[in-house]
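Keep the picture open while you read.

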Amino acid sequence: MEYGEVARLLAEREAACRAEADRLEGEAERIAGLLSVCRKELERLTVAREVIGELPVADLGVPVAGGRVAGDGLPASGADVAGFADELVAVLIEFGRPVRCQEVVARLGEDPRVARHVERVRHRLKKLKQAGRVVEPRPGVFVPADAAGETVG
């Protein structure tokens, strides 16, 4: 094979490879756009589910499981918020020692690595602290008010 023929074959191969790379880059951009749209929709649906989970169940006609909207960790109504508060105090009593929010979240069966789960419980514990039902002996550590004298010392 002569040099000219080898150079021509290499040039053809290079052009084909360049065309395929360009095609794949275009496809990657198209997929990135679809992924972006999908992630935005997922975020929108997550927020909508959380907002709906905060509405009274009677307004939704949704079945309730364990005082909460089925399949969701959010209290379903005002009465259920009080039940959720009682549940949090009961969880603190079960531990029998000062505990962090992440431990409470895990005991409730939710993922303590998910910030919104931890923040929801932290918010409710802070409200219970204001109501005098929970004591925070150290920042981020909670005990039931009845047990505060026994555990803090």
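Which residue in β5 does Val134 stand opposite? That residue is Pro144. Keep in mind that we are looking at a predicted model.

**The sheet**

Val134's neighbourhood belongs to an open sheet of three strands, lined up in the order β3-β5-β4 with antiparallel pairing. Both β3 and β4 stand at the edges with a single partner strand each, so one side of each has no neighbour in the sheet. Strands β4 and β5 run antiparallel and are joined by three bridges.

Here are the elements to find on screen:

| Element | Residues |
|---|---|
| Strand β3 | 99-100 |
| Strand β4 | 134-138 |
| Strand β5 | 141-144 |
| Helix α5 | 115-130 |

The sheet also has a helix packed on it: α5 touches β4 and β5. If you compare directions, α5 makes an angle of about 105° with β4.

**A closer look at Pro137**

Now find Pro137, which is part of strand β4. Is Pro137 buried, exposed or partly exposed? Pro137 counts as partly exposed because its relative accessibility is 28%, and that category lies between under 20% for buried and over 50% for exposed.

**Rings and charges**

What about aromatic rings? A search of the whole structure turns up zero aromatic pairs. Phe95 does have a charge over its ring, though: the charged end of Arg107 sits there, 4.1 Å from the ring's centre.

How values were computed: Residues numbered from 1 in each chain as written. Predicted model: local features only at pLDDT ≥ 70, side-chain atom pairs only at ≥ 80, totals over all residues. Heavy atoms only, no water. Helix = DSSP H or I, 4+ residues; strand = E, 2+ residues; numbered from the N terminus. Buried < 20%, exposed > 50% of the residue type's maximum accessible area, 1.4 Å probe, protein only. Pairing = 2+ DSSP bridges. Contact = heavy atoms within 4.5 Å. Axes fitted to C-alpha atoms, helices over the stretch in contact; angles between N-to-C directions. Phe/Tyr/Trp six-rings, centres within 6.5 Å; stacked < 30°, edge-to-face > 60°. Lys NZ or Arg CZ within 6 Å of the ring centre and 35° of its normal.
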